[in-house]
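Dear colleague,

Please find below the structure that I am handing over to you. My findings follow directly after it.

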Protein chains: 2
Amino acid sequence: MAKKPELDDFRVPFFDGGKKLKTFDLTSVDCAAKPFSLGSKEADRARLSEIGAQLDELQEKLHAQRSQRVLLVLQGMDTSGKDGTIRAVFHEVDPLGLRIVPFKAPTETELAHDFLWRIHSQAPKVGELCVFNRSHYEDVLVPRVLNAIDDDECERRYRHIREFEALQADSGTTVIKCFLHISKDEQRQRLQARIDDPTKHWKFDTSDLEARKQWDDYQKAYATALGATSTEFAPWYVVPADSKSHRNVMIAELLLRTLQGMKLAFPPAKETLKGVIVE
Amino acid sequence: MAKKPELDDFRVPFFDGGKKLKTFDLTSVDCAAKPFSLGSKEADRARLSEIGAQLDELQEKLHAQRSQRVLLVLQGMDTSGKDGTIRAVFHEVDPLGLRIVPFKAPTETELAHDFLWRIHSQAPKVGELCVFNRSHYEDVLVPRVLNAIDDDECERRYRHIREFEALQADSGTTVIKCFLHISKDEQRQRLQARIDDPTKHWKFDTSDLEARKQWDDYQKAYATALGATSTEFAPWYVVPADSKSHRNVMIAELLLRTLQGMKLAFPPAKETLKGVIVE
């Protein structure tokens with residue numbers, strides 16, 4: 001009997017501090033695999049709804065406890081499903097304790113600062129579950145592919161990212177990062193579907209087609225970035241994402257396990273309130 | 001046959017620019033009324049879910065269109081159900097296009113600025129549906145009851161609020177404001193329920209009991225503030241909120257009508273994408 005897949009099998013090995021960067025071999029993960037799927041879309045949807053209810057309960061405790069924070073980083077090529085993941089995984093979660101932060105191309109003001117400036121200002125506060133829809137990782141991907149930064153600058157950025165994430169972790173933030181891994185052919189189908197449906201044109205930027213032409217360069221930039229920034233305190237997971245229902249279930253399971261590991265609980269009852277009668 | 005209630009029956013008459021402030025008579029609205037309820041909690045829940053699906057669709061268009069914004073302000077006494085409203089009304093809405101902004105007691109930095117500074121920085125951006133959980137109205141309530149500001153300062157603040165909201169409206173933001181109207185007895189029951197359930201103690205602040213002692217002063221401060229700041233471009237609605245299911249349905253209906261009135265639509269198809277084949 002085949003070994004049951006574990007979430008940790010999809011975790012990128014931790015950066016070991018060595019001088020030589022270890023590139024993670026993205027081709028070792030099959031984009032079309034569905035290791036955490038329950039066999040059908042319906043079963044996956046049912047499981048997702050079950051996890052959703054648990055996430056909602058855990059998030060309420062996170063909010064009540066006001067001592068910890070959670071940061072989920074979502075990265076992936078265009079159409080890899082970052083938006084869809086947020087919609088599906090957080091459907092049951094109370095919007096009160098959730099903050100979604102989309103990062104677009106940096107503005108002039110943002111570019112006038114260091115690349116972590118705009119990221120830091122959006123870091124989660126106590127009790128918050130924060131989702132970064134794209135993130136500081138864009139700054140070691142786009143400029144890398146466009147050759148706007150050289151190897152040295154890129155390695156400095158990796159280091160600054162590790163240190164920034166260490167600061168978050170040291171301050172009580174649990175950080176997890178998901179790379180939504182789709183195949184080039186799956187992207188072709190999804191882009192084509194957007195083009196073929198005029199009501200989806202607003203989601204489409206012609207620069208998406210330019211980025212697609214550099215598919216291999218982006219895969220390479222991701223592979224290096226993942227290898228250089230997966231750490232014990234801020235691990236990267238590679239999520240096979242050609243199947244949307246698998247992608248959702250896997251990320252939900254990962255988040256569930258993460259929150260379950262945080263020892264979340266309602267704060268103790270207040271002795272001063274015992275027996276108080278409201279008039 | 002009795003006249004079917006209209007949402008506009010619960011709208012606070014617009015400030016007419018007169019010198020003399022018109023206080024809105026809050027006692028004219030029965031907190032226990034359920035004018036928009038469908039007769040049972042189950043029916044209300046079903047209607048809420050129906051509206052939720054429509055809100056979700058409209059919000060996607062708002063997001064796609066990227067030219068308008070929506071700001072919903074929620075105010076009410078402690079336990080009036082601001083959190084519960086957000087949870088219930090936005091359950092179906094994609095968290096991607098929604099931003100919930102809670103305003104707590106101002107920090108030292110916030111107090112070092114004018115009272116609208118922290119509010120302005122959180123104003124919605126294009127495509128966003130933003131919910132303020134408490135707001136700038138706290139600054140004409142708490143200090144008013146505590147006599148920290150006099151009549152003149154209070155009227156100046158009303159004017160600044162009207163002008164601030166006019167700026168939002170002129171910039172393409174649709175502003176609606178809901179006062180969640182509960183009775184003093186309903187609050188007593190809800191506070192007592194929080195005290196009696198130790199897992200709810202974290203929601204309880206002993207200052208809540210202090211504010212309750214000044215119930216009448218708060219009602220008066222609300223009545224004056226609503227009268228002075230209900231405008232055509234940022235109307236106040238008084239929501240009978242002793243019944244949670246009624247409160248949810250009424251606010252959802254209000255939001256639905258508001259979004260339906262905004263002529264939201266997906267942007268036109270891009271001619272340049274016509275016939276494009278992705279390679």
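What rotation, with what shift along its axis, superposes chain A on chain B? In this predicted model, the rotation is 180 degrees and the shift along its axis is 0.0 Å, with an RMSD of 0.0 Å. The two copies are thus related as by a two-fold rotation axis.

The interface between the chains may be described next. Contact is made by 37 residues of chain A with 37 residues of chain B. About 3,700 Å² is buried between chain A and chain B, and carbon and sulfur atoms give 64% of that area. On the side of chain A, the residues that lose the most area to chain B are A:W202, A:L273 and A:V278, which together account for 20% of what that side buries. Of the interface residues of chain A, 100% are also interface residues in chain B, so the copies meet through the same surface.

I also examined one pair of helices within chain B. Helix α1 (residues 41-65) of chain B packs against helix α10 (residues 244-260) of chain B at an angle of about 25 degrees, and their axes are 9 Å apart. Because angles under 35 degrees count as roughly parallel, α1(B) and α10(B) are described as roughly parallel to each other. The crossing of α1(B) past α10(B) is left-handed. Residues of α1(B) in this contact include B:L48, B:I51 and B:L55, while those of α10(B) include B:V249, B:A252 and B:L256. The contact of α1(B) with α10(B) comprises 9 nonpolar, 5 polar and 4 charged residues.

With kind regards

Key: Residues numbered from 1 in each chain as written. Chains lettered and ligands numbered in written order. Predicted model: local features only at pLDDT ≥ 70, side-chain atom pairs only at ≥ 80, totals over all residues. Heavy atoms only, no water. Axes fitted to C-alpha atoms, helices over the stretch in contact; angles between N-to-C directions. Helix = DSSP H or I, 4+ residues; strand = E, 2+ residues; numbered from the N terminus. Parallel < 35°, antiparallel > 145°, perpendicular 65-115°, else oblique. Left-handed = near helix turned anticlockwise from the far one by under 90°. Contact = heavy atoms within 4.5 Å. Nonpolar A, V, L, I, M, F, W, Y, C, P; charged D, E, K, R; others polar. Least-squares fit on C-alpha atoms with pLDDT ≥ 70 in both. Buried area = accessible area lost by both parts, 1.4 Å probe.
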